[in-house]
Amino acid sequence: MLKFLSKVKIEFNALDPRLASCMEFLAQCNARKAKESNPSCQVQVKRRTDDFPPQITVTFVNGYEENFDATSTTAQHIRNLILQKGQTLETEQMFREAGEKWPVVIPEEELRQPFTGIKPRKAEEKLQ
């Protein structure tokens with residue numbers, strides 16, 4: 001997960017009962033495998049003393065920043081969103097390295113064409 005990020009900022013009040021998502025996400029960021037995937041990713045923890053709701057802010061390697069309300073979003077959901085965005089970043093990089101335009105625009109008429117590349121299997125082939 002951290003390989004797609006340049007910075008993670010986790011803010012919470014230690015006495016706030018809504019901090020579970022922040023603590024779980026922090027544990028995921030501090031895992032050996034996560035740290036090895038991107039040692040240069042900065043993980044900052046800001047312990048607050050006010051009533052500010054727990055929040056997680058991530059900065060992707062392309063500079064895009066996203067804030068998550070950790071009171072209503074689970075750590076696993078945040079992780080999944082980061083992985084999805086990261087896969088998009090990897091795909092974009094692949095296209096750019098190949099000299100292709102990004103985003104890929106598929107003409108509307110091509111989207112409506114039937115796909116004939118898959119042949120149905122015969123019953124005897126299915127059993128093998």
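How many aromatic pairs does the count come to by the rule for rings of Phe, Tyr and Trp?

The structure is a predicted model, in which local features need pLDDT of at least 70 and side-chain atom pairs count only at pLDDT 80 or more, whereas totals for chains, interfaces and linings use all residues. Residues are numbered from 1 along each chain as its sequence is written, and side-chain values use heavy atoms, with hydrogens and water left out.

**View 1. The aromatic pair of Phe-60 and Tyr-64 is tilted.** Rings of Phe, Tyr and Trp (for Trp, its six-membered ring) pair if their centres lie within 6.5 Å, and the planes count as stacked when under 30 degrees apart, as edge-to-face when over 60, and as tilted for the rest. The ring centres of Phe-60 and Tyr-64 are 6.0 Å apart and their planes stand at 35 degrees, so this pair falls in the tilted class. Phe-60 is buried, with a relative accessible area of 1%, while Tyr-64 is partly exposed at 39%; buried means under 20% relative accessible area, exposed over 50%, and partly exposed in between, with a 1.4 Å probe and protein chains only.

**View 2. Phe-95 and Trp-102 form an aromatic pair that is tilted.** Their rings are 5.4 Å apart from centre to centre, with 50 degrees between the planes. Phe-95 counts as partly exposed at 28% relative accessibility, and Trp-102 counts as partly exposed at 26%. Trp-102 is also joined to Pro-103 by a cis peptide bond, with omega about 0 degrees. Most peptide bonds are trans. Pro-103 has its place in the loop between α3 (75-97) and α4 (108-111), where helices (H or I, at least four residues) and strands (E, at least two) are DSSP runs, numbered from the N terminus. Val-104 is placed in the loop between α3 and α4, and Val-104 is partly exposed, with a relative accessible area of 44%. The C-alpha atoms of Val-104 and Glu-92 are separated by 9.1 Å, although these residues are twelve residues apart along the chain.

**View 3. Arg-48 lies over the face of Phe-52, and Lys-85 lies over the face of Tyr-64.** A charge sits over a ring if NZ of Lys or CZ of Arg is within 6 Å of the ring centre and within 35 degrees of the ring normal. For Arg-48 the distance from the ring centre of Phe-52 is 3.9 Å, and for Lys-85 the distance from the ring centre of Tyr-64 is 4.5 Å.

**View 4. The largest pocket holds about 160 Å³ of space.** On a 1 Å grid over the protein atoms alone, a pocket is an open set of points where a 1.4 Å probe fits, with protein on both sides within 12 Å along at least five of seven lines, and lining residues have an atom within 4 Å of a point. Grid points are joined across faces, edges and corners, and the volume is the space filled by probe spheres set on the points. The lining consists of Met-1, Gln-28, Ala-31, Lys-33, Ala-34, Ser-37 and Arg-79. Helix α2 (residues 32-37) gives the most to this lining, with three residues. The lining residues divide into three nonpolar, two polar and two charged, where Ala, Val, Leu, Ile, Met, Phe, Trp, Tyr, Cys and Pro count as nonpolar, Asp, Glu, Lys and Arg as charged, and the others, Gly among them, as polar.

**View 5. Lys-7 lies in strand β1 (residues 5-13), and Lys-9 has its place in strand β1.** Lys-7 is partly exposed, with a relative accessible area of 32%, and Lys-9 counts as partly exposed at 27% relative accessibility. Leaving aside neighbours within four places in sequence, Lys-7 is in contact (heavy atoms within 4.5 Å) with residues including Cys-41, Gln-44 and Thr-57. Lys-9, with residues up to four places away in sequence not counted, touches Gln-44, Lys-46, Gln-55, Ile-56 and Thr-57.

**View 6. Ser-21 has its place in helix α1 (residues 20-30).** Ser-21 is buried, with a relative accessible area of 9%, and its contacts beyond four places in sequence include Ile-56, Ala-70 and Ala-75. Ala-27 is also found in helix α1, and Ala-27 counts as partly exposed at 46% relative accessibility.
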